[in-house]
Amino acid sequence: MKLVHRSYYLLFIFFILLENYFLLFSHKMGMGQTKNSILYFLASLSIGMLIFVRYYKKDIAPIQPTKGNTKFNIIVIILALAGIILAGTEAWKVIHEYPIDAHYSDIIPSIQIMVKRLLHGSEPVYAPIYDFGYQFSPTYLPMQWLPFTVAEVLRIDYRWIPFATWAITYFIIVLRTFRSDNLLLKLLVPILFYLTYHYINVQENNFIRCTVESMVIGYYILLIISLNETSWILWGTIITACLLSRFSLLLWLPLWAFAIFVSGNRKDLFKSIGLVFVLTMLIYVIPFLSKDWNSFKAGYEHYNRATIGEWQSLNPMGEPNQLYAGTGFAHIFYRHFHQGDVPAQVTFVKKVHFIVSLGISMLMGVWYWYNRKKIDLRIFLIASFKIYLSFFLAFIQIPYVYLMTVGNFVSIAIFAELMRYKLSPKHTD
């Protein structure tokens, strides 16, 4: 039994390492786009499938912490803090070397404008932006720009907010491993978190320089934590934060609701749905969307134009830069469907993306209906989200490498959360 237990963790770590390798290294070392994107997808998918295999027909129970682990936990905390300090040093170097520049990327500059509009009330937050020499209809949902009001008030570089979000959630996930009785695995979590951040920064300098993705990573780390809990307040709050930052989990939410509904915890489900509704109204609909109901459509249309622009931005090989950066299946659609008609290609891949993402959620829902007594709800939700996210990111229209980093950190967060349980054969009626 111990051999099986150890083999499971070795496989889990192996797939995490593969996921990082195929995202950050192999393509730059010469592996072809199609082969690299398929292997990256399979490594990511394997993590979710491994969880199903390991926890199927198993009961789980929280591991009770022992006093003997206290001194070792202090070492883990020191290691985690060292990782945060090292990562912060790397972020500081990038932030000071590369000032925010709208000519290089309009992500953070547009967020700055939205924040200043909110704080000074000069004009509606979601009004078109003309500061960059072209019309930009804001596409960012509130939880992707509202936290930056802190940076504006404190007069600090906006890029410290994503870093702080990542660092705080990283530390939280490390603290939650204290329930584990495996000392080596507890050490691995802060190491994996820091090394992943470090090598993303090394291989993808723009991750810190001009994206806010580490903030989204923080939200999704909290999502994994919330799925491992039974608090309807936590479910509703974290799902709202994720939903109002990016719509990535939208087509998985029906599966989340269905699984909780058929498991019998319907009262908490309805409470959490109600909380998501109330928070969405208070954070987005009433203060912003109701001021201009057309702003959402305008933002979507701008995103569509930007997508077409990326598909038409070619490298010296005559291939779209972002479609041939090592991940995602969008390049297959570019190469084989509606050749020469980029708008038609983008429309087609969007349809496929929607069908695949919704389809995998429905398929897992059917599986859960027939196996709901054979797998713990928390395990199913975590594993199903990882599988869904693997498909969602693989078929996305523009497979930016920085978008994929969310999936890599989700894998580490899942690894850390599952360390909290001991397993025993499941007794079913």
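A residue is called buried when its relative accessible area is under 20%, exposed when that area is over 50%, and partly exposed in between. In this predicted model, R420 has a relative accessible area of 12% and is therefore buried. The side chain of R420 forms a salt bridge with that of E229, with a distance of 3.9 Å from N to O. This pair joins distant parts of the chain, 191 residues apart: R420 lies in the loop between α17 and β2 (421–425), and E229 in the loop between α9 (213–227) and α10 (232–243). E229 has a relative accessibility of 25%, so this residue counts as partly exposed. Both residues belong to a network of salt bridges that also includes R176 and E417.

Nine salt bridges were counted in total. One of them is between the side chains of K28 and E204, at 2.8 Å from N to O. K28 is partly exposed, with a relative accessible area of 47%, and E204 is partly exposed at 21%. Another salt bridge joins D157 and R159, whose closest N and O atoms are 2.9 Å apart. Here D157 is partly exposed at 23%, whereas R159 is buried at 4%.

In soluble globular proteins, nonpolar side chains tend to be buried together. The largest nonpolar core of the model contains 144 residues. The residues with the most contacts inside this core are F12, W166, Y220, W252, W256, F385 and F415. Helix α16 (residues 377–394) supplies the largest share of the core, 14 residues. Apart from its neighbours within four places in sequence, Y220 is in contact with C242, R246, S248, L249, F385, V406 and V410. C242 is buried, with a relative accessibility of 0%, and C210 is buried at 11%. No disulfides were found in the whole structure.

Helix α4 (residues 107–120) has 14 residues and spans 20 Å from its first C-alpha to its last, close to the 20 Å expected at 1.5 Å a residue. Of these 14 residues, 10 are buried, so α4 is largely enclosed by the rest of the structure. The buried residues are I107, I108, P109, S110, I111, Q112, I113, M114, V115 and R117. Their cover includes α5 (149–154), α8 (206–209) and α17 (401–418). The helix is followed by G121, which has a positive phi near 60 degrees.

Technical notes. Residues numbered from 1 in each chain as written. Predicted model: local features only at pLDDT ≥ 70, side-chain atom pairs only at ≥ 80, totals over all residues. Heavy atoms only, no water. Disulfide = S-S within 2.5 Å. Buried < 20%, exposed > 50% of the residue type's maximum accessible area, 1.4 Å probe, protein only. Core = buried A, V, L, I, M, F, W, Y, C linked by side-chain atoms within 4.5 Å. Helix = DSSP H or I, 4+ residues; strand = E, 2+ residues; numbered from the N terminus. Contact = heavy atoms within 4.5 Å. Expected span 1.5 Å × (residues − 1). Salt bridge = Lys/Arg side-chain N within 4 Å of Asp/Glu carboxyl O.
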